[in-house]
Amino acid sequence: MREFLLHRAAIYTTFQHLTGAGKARKDLVEKLELKAGDKILDIGCGPADILRYLPADVQYTGFDNNENYIRSAKKQFKNRGNFFCQEVGADLLKNTLVETNSFNVVLATGILHHLADDQAISLFELAKAMLIKGGKLVTLDGCFTKNQRLVAKFVLRLDRGKFVRTKQEYIKLAKYHFSGVKTEISDNALKIPYTLIIMECRSD
Ligand SMILES: C[S@@+](CC[C@H](N)C(=O)[O-])C[C@H]1O[C@@H](n2cnc3c(N)ncnc32)[C@H](O)[C@@H]1O
């Protein structure tokens, strides 16, 4: 039932709003330090809600394997971005809608914890191939930590994503393709008890 409801873009966006995801997205966008004309690729973009917080002068491309979300993104944001339906791990490098070594920023917010290790590693591979030299991949996901509140652990276990990991486990996956990985953990970014990890992976 939850899966069925959250598959609908409007319900997903409302649920996200209630958890305080809007503020978390706004804070994340500030950390990106974007410049006019920057190209952004959003992997697992959902209904592309992040576009509400991105400056108008960046070039946004988002993809997701959920057709409902992509349809909603196209309807809502029209020509503010390019949106397409695709699976991570499929051969995106052959997709003519995206050019390798051309993005300043790759975003992957809330997707790694939906992916098994081999698929997560292919996400890092893809991000590396898409970034310009000096560009960065920024990820955001739920995270298990030693001293987190039991209620936060419980909420993470209820997540639709079945691959919530520890900081060390996320870093291990990132290191297959990125040598420079910085992490930040927050227990109070959302209105619900939840621990988030943000990773910043630099392409050198
Ligand atoms: C928690 S949502 C996050 C959506 C959006 N990035 C956000 O921050 O609101 C995770 C997204 O990853 C997408 N996703 C999960 N597995 C995927 C895959 N293998 N390929 C492409 N997208 C995937 C889901 O459809 C969903 O939109």
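Author: Let us begin with Asp64, which is buried yet has no salt bridge. The model is predicted, so local features need pLDDT of at least 70 and side-chain atom pairs count only at pLDDT 80 or more, whereas totals for chains, interfaces and linings use all residues. Residues are numbered from 1 along each chain as its sequence is written, and side-chain values use heavy atoms, with hydrogens and water left out.

Reader: Which residue has its backbone nitrogen 2.9 Å from a polar atom of the side chain of Asp64?

Author: That residue is Asn66. Asp64 itself lies in strand E2, residues 59-64; helices (H or I, at least four residues) and strands (E, at least two) are DSSP runs, numbered from the N terminus.

Reader: What does Asp64 touch, not counting residues up to four places away in sequence?

Author: With contact meaning heavy atoms within 4.5 Å, Asp64 touches Gly44, Cys45, Gly46, Tyr69, Ile70, Phe84, Cys85 and Gln86.

Reader: Why is strand E4 called largely enclosed?

Author: Five of the seven residues of E4 (residues 103-109) are buried, so the rest of the structure largely encloses this strand.

Reader: In which sense do E4 and E5 pair?

Author: Two strands pair if DSSP finds at least two bridges between them. E4 and E5 have six bridges, in the parallel sense. Strand E1 (residues 39-43) also pairs with E4 in the parallel sense, over three bridges. Val105 of E4 stands opposite Ile40, and its bridge partner in E5 is Lys136.

Reader: Which residues of helix H7 are buried, and what makes them line one face of the helix?

Author: The buried residues of H7 (residues 167-174) are Tyr170, Leu173 and Ala174. Seen down the axis of H7, they fall within an arc of 100 degrees, so they line one face; the arc is that of the directions from the helix axis to the C-beta atoms. The face turned away from this buried side carries the exposed residues Gln168 and Lys172.

Methods:
Buried < 20%, exposed > 50% of the residue type's maximum accessible area, 1.4 Å probe, protein only. Lys, Arg positive; Asp, Glu negative; His and termini not counted. Salt bridge = Lys/Arg side-chain N within 4 Å of Asp/Glu carboxyl O. Polar contact = N/O pair within 3.5 Å; in protein donor to acceptor, adjacent residues only side chain to side chain.
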